[in-house]
Amino acid sequence: GYTLYGAVKDQTAVAWLGTSPAGALLYALTDSDQQLYILETRGGRAIARLRVGDHPISARLSKDGKTLYVANLGSANVAIVDVSEPARPTIAGTLATDPHPNDLALTADARLFVSCGNTNNVIAFDLKSRQRLEVISTALGPKAPAGSTPNSLAVSPDSKRLYVANADNNSVSVINIEDREKS
């Protein structure tokens with residue numbers, strides 16, 4: 001088994017797991033102690049941990065495996081974590097989001113989509129400039145109050161569509177993202 005060094009049993013809740021592109025590393029986010037743990041998949045040896053923010057809930061690793069984007073539900077941001085040296089991960093910056101960011105999706109053209117569960121919104125960021133490109137509403141209508149609760153994202157294989165699961169609307173929004181918005 002794997003041991004998250006420094007984690008207190010019965011006080012640590014693993015919120016997300018992911019692997020490096022080659023599968024040599026396992027990344028684990030723990031909601032209760034606000035840590036990212038990095039472990040070797042062969043043998044389970046823990047090699048690093050880093051406090052990433054308030055209630056980290058989900059993450060996505062860049063295609064090159066050098067950057068991990070972490071949605072921090074409690075601090076309404078995405079931590080940009082440099083994991084290019086796995087034994088020494090560092091916070092390289094943050095992106096401010098709307099309340100309760102809970103899932104992330106990356107596109108091949110360096111966009112990051114973030115669903116914000118306490119809203120009707122998905123926020124699109126340009127990762128090269130780290131600027132917010134647009135806010136996409138998943139509400140059932142233009143005057144609908146907050147409450148769609150987008151909570152899961154997926155990008156189509158051709159990067160032309162974003163699929164957004166809306167927990168409280170019990171629906172899936174299909175968003176055309178082929179034409180990149182400029183801001």
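Leaving aside neighbours within four places in sequence, Q34 is in contact with L50, R51, V52, G53, D54, H55 and P56. Contact here means heavy atoms within 4.5 Å. Q34 itself sits in the loop between β2 and β3. Strands like these are DSSP runs of E with at least two residues (helices are runs of H or I with at least four), numbered from the N terminus.

A quick word on the model: it is predicted, so local features need pLDDT of at least 70 and side-chain atom pairs count only at pLDDT 80 or more, while totals for chains, interfaces and linings use all residues. Residues are numbered from 1 along each chain as its sequence is written, and side-chain values use heavy atoms, with hydrogens and water left out.

Now for the sheet. Four strands make an open sheet in the order β1-β2-β3-β4, with antiparallel pairing. Two strands pair if DSSP finds at least two bridges between them. β1 (14-19) and β4 (46-51) are at the edges with a single partner strand each, so one side of each has no neighbour in the sheet. On average, neighbouring strands of this sheet are turned by 20 degrees against each other, direction ignored. That angle is taken between lines fitted to C-alpha atoms (for helices, over the stretch in contact), and angles run from 0 to 180 degrees between N-to-C directions.

Buried means under 20% relative accessible area, exposed over 50%, and partly exposed in between (1.4 Å probe, protein chains only).

| Residue | Relative accessibility | Class |
|---|---|---|
| Q34 | 15% | buried |
| T149 | 17% | buried |
| S159 | 22% | partly exposed |

T149, in the loop between β12 (131-137) and β13 (150-155), has a positive phi of about 55 degrees although it is not a glycine. S159, between β13 and β14 (161-166), also isn't glycine, and its phi is positive, near 60 degrees.

What about the inside? The largest nonpolar core has 17 residues, and Y27, L36, I38, L68, V70, V81 and V83 have the most contacts inside it. Such a core is a set of buried Ala, Val, Leu, Ile, Met, Phe, Trp, Tyr and Cys residues joined through side-chain atoms within 4.5 Å. β2, β3, β4, β5 (56-61), β6 (67-72) and β7 (77-82) each give two or more residues to this core. Another core, of 13 residues, lies apart from it and includes A71, V78, I80 and C116.
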